[in-house]
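Me: Hi! Could you walk me through this one with me? I'd like to start with the strands and then move on to the helices.

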Amino acid sequence: MLAQRMQSFGNSGTAAARSAAKAAAAAGTTVLDLSAGEVSADLAPTLYRGALNALEQGVTRYSDTIGMPELREAIAAKLTSETWQIWSADEIAVTAGAKQALFNAAMTLLNPGDEVLIPMPYWSTFPAQVTMAGAKPVFVDTRRTQYLPSIQALRDASSPATRAIIINTPNNPTGAVYSRECLLAIAQFAIENQLWVIFDECYGELTHAPHIHHSIVGLAPELRSRLVIVNAFSKQLAITGWRIGYMAGPAPLIKAVRALQSHTTSNPNVIAQHAVLEHLRSGSGHFVADLREQLLRARHEGLTILAELERVPDPNAQGGFYFYLDLSNLLAPIGADESLRTADDVAARLITRAGVAGVSGVAFGDPAGLRLSYGVSAEQLRSGLPRLVRELNSIR
Ligand code: PLP
């Protein structure tokens, strides 16, 4: 009944975890839902003002397909300050969140049969979109190298068909922030092998000291002609539902994105565009600083509680807002409990017995991982996370 391509990917694992949490809550279980990829925070006043002004001015119509020119200029100025290189509006496309930016990149850069290197554990949309474009995801295991891809592993995974590599730092789901040295080595590898780098820095504003986010092109300017930067306001301004992000790349690529977007979605929501423009023009940075502070408190609370886990190593949680647990020691055949074969089983047990919802690493290509979001309040973590610790410690 359906097209063949629909056999190569399913609904996102994150969405499935959220539904399981909702179902348990509807059945009467008290659930601490740590499955969401978003932070709960009030709307930034700058966004409120920008959206309201647009409504009052009667803004209703299509804008330029890849975003209002003044917004693309403001984003170019933002990138100029972040990368120490000059960017212009014709190198920017505004999109319906980072997801559309990534989709645009896959559709405009990949041919059927191309291979794309993706560090694993990975955010599940990366391989799904590569597959949609007819290309093949090739995974590079980072679990034994602090969740950073080693150059040797990248080399081993490449072939003459390799066309691109997708880098996401700070990383969803692992919480790793790629070091300067690692990014420089990846840039060098990409240049030597003439690969495109798709650089997803959606969580770039949300790192925790001493870790800092580096722009790969700030470190390796020579990469610029083969680089697509993907970013969104979704996470850093806590407006996941507003669907607004952007991509930056060489002008001919952005021209192709204009054509693609003109036949898919046209412009992203115009009220959200006005709101973000107002934020970029008059935002002081307080909002993001407060958000980081809120996350830092939740992270501290969560790490303190998770330190009580007996057979699960402490998560690194360097950036973004995820604790990523390695459950290898709890799973059969090493563990005695045969009912726990993968993190799917552990995640299901945590919902029913502890009332805590996380996302199984199976969704990220890692059957032994578990992602817990700390985009909730420190109080919520304090009230629910000890239940998860007790349950995991009870597994023998
Ligand atoms: N990239 C990464 C690594 C993400 O984790 C997410 C959302 O979870 C996105 C992109 C998508 O962001 P958006 O909601 O802006 O489309």
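**Strands, helices and core**

Reply: Valine 359 has arginine 371 in S12 as its bridge partner. Helices (H or I, at least four residues) and strands (E, at least two) are DSSP runs, numbered from the N terminus. This is a predicted model, where local features need pLDDT of at least 70, side-chain atom pairs count only at pLDDT 80 or more, and totals for chains, interfaces and linings use all residues. Residues are numbered from 1 along each chain as its sequence is written, and side-chain values use heavy atoms, with hydrogens and water left out.

Me: Thanks! How many bridges join S11 to S12?

Reply: Two, and the strands run antiparallel. Two strands pair if DSSP finds at least two bridges between them.

Me: In what order do the three strands of that open sheet come?

Reply: The order is S9-S12-S11, with antiparallel pairing. Strand S9 (322-326) and strand S11 (359-360) are the edge strands, each pairing on one side only.

Me: Now S8: which residues are buried on its two faces?

Reply: Gly245 and Met247 are buried on one side, Tyr246 and Ala248 on the other. Buried means under 20% relative accessible area, exposed over 50%, partly exposed in between (1.4 Å probe, protein chains only).

Me: And what pairs with S8 over four bridges in the antiparallel sense?

Reply: Strand S2 (residues 92-95) does, and threonine 95 has glycine 245 as its bridge partner. Strand S7 (residues 227-232) is also joined to S8 by four bridges and runs antiparallel to S8.

Me: Switching to helices, why does the span of H10 agree with what you'd expect?

Reply: Its 13 residues (270-282) should span 18 Å at 1.5 Å a residue, and the end C-alpha atoms are 18 Å apart, so the two agree. The expected span is 1.5 Å times one less than the number of residues.

Me: Last one: which residues have the most contacts inside the largest nonpolar core?

Reply: Leu388 and Leu392, in a core of 124 residues. Helix H11 (residues 286-306) gives the largest share, seven residues. Such a core is a set of buried Ala, Val, Leu, Ile, Met, Phe, Trp, Tyr and Cys residues joined through side-chain atoms within 4.5 Å.
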